[in-house]
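Have the sequence and the 3D view ready.

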Amino acid sequence: MHIVFSHGKESGPDGGKIRALSAIAVDLGCTYESVDYRDLPDEPDQRVERLVNYINDCEDDIILVGSSMGGYVSVAAACELAEHKNDSQQRVKGLFLMVPAVYLPGYGRQDFSAELPAMCIVHAWGDDIVPYEHSFRLAQQHQADYHVFKGRHRLSEPLEQVKQVFLDFIKTRI
């Protein structure tokens with residue numbers, strides 16, 4: 001299994017959550033890549049296009065993992081692939097979304113109703129950037145696993161809990 005990380009707007013491909021979760025992926029025998037979007041800080045939909053192209057070029061089964069804007073990018077790319085029904089769509093085996101920036105103004109995609117693979121969402125009660133209600137709406141629509149923890153947008157407070165949820169999610173996909 002190949003894990004593809006998408007970082008948030010003000011983060012980078014080697015941010016703290018990505019480092020923590022990639023270590024778990026490696027321990028489970030997975031490969032990983034963290035796509036670099038730093039040249040597109042305010043362009044979520046161009047990031048989606050970059051991720052779709054990455055997935056199209058990949059031959060492995062994939063789990064998409066995204067945080068904040070990267071969560072939006074991951075789920076929007078999965079929707080795009082599902083709507084075009086090609087071989088790449090079949091390789092995406094799951095979505096692990098952390099405080100996903102869904103249903104925000106200025107983001108091109110507001111409809112996430114495509115048929116998507118298994119999804120797990122983690123959020124924080126005290127998120128002052130993306131309201132947890134947004135990700136709960138997405139979770140309801142897809143009957144996704146949904147975990148909300150005490151903490152803020154960066155998820156630094158509940159990181160150990162997030163790591164455990166990630167471990168459990170990946171184990172069920174490999």
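Start with Glu80, which counts as partly exposed because its relative accessibility is 31%; on this scale, buried means under 20% relative accessible area, exposed means over 50%, and partly exposed is in between (1.4 Å probe, protein chains only). Before going on, note that this is a predicted model, where local features need pLDDT of at least 70 and side-chain atom pairs count only at pLDDT 80 or more, while totals for chains, interfaces and linings use all residues. Residues are numbered from 1 along each chain as its sequence is written, and side-chain values use heavy atoms, with hydrogens and water left out.

Glu80 sits in helix H3. Helices (H or I, at least four residues) and strands (E, at least two) are DSSP runs, numbered from the N terminus. Setting aside neighbours within four places in sequence, Glu80 is in contact with Val52 and Arg109, contact being heavy atoms within 4.5 Å.

Now for the inside. In soluble globular proteins, nonpolar side chains tend to be buried together. Here, the largest nonpolar core has 37 residues, and Leu51, Leu64, Val75, Phe112, Leu116, Met119 and Leu138 have the most contacts inside it. (A nonpolar core is a set of buried Ala, Val, Leu, Ile, Met, Phe, Trp, Tyr and Cys residues joined through side-chain atoms within 4.5 Å.) Among the elements giving two or more residues to this core are helix H2 (44–57), helix H3 (69–84) and helix H5 (132–142). Which element gives the largest share of this core? That's H3, with 10 residues.

Let's zoom in on H5. Its buried residues are His134, Ser135, Leu138 and Ala139.
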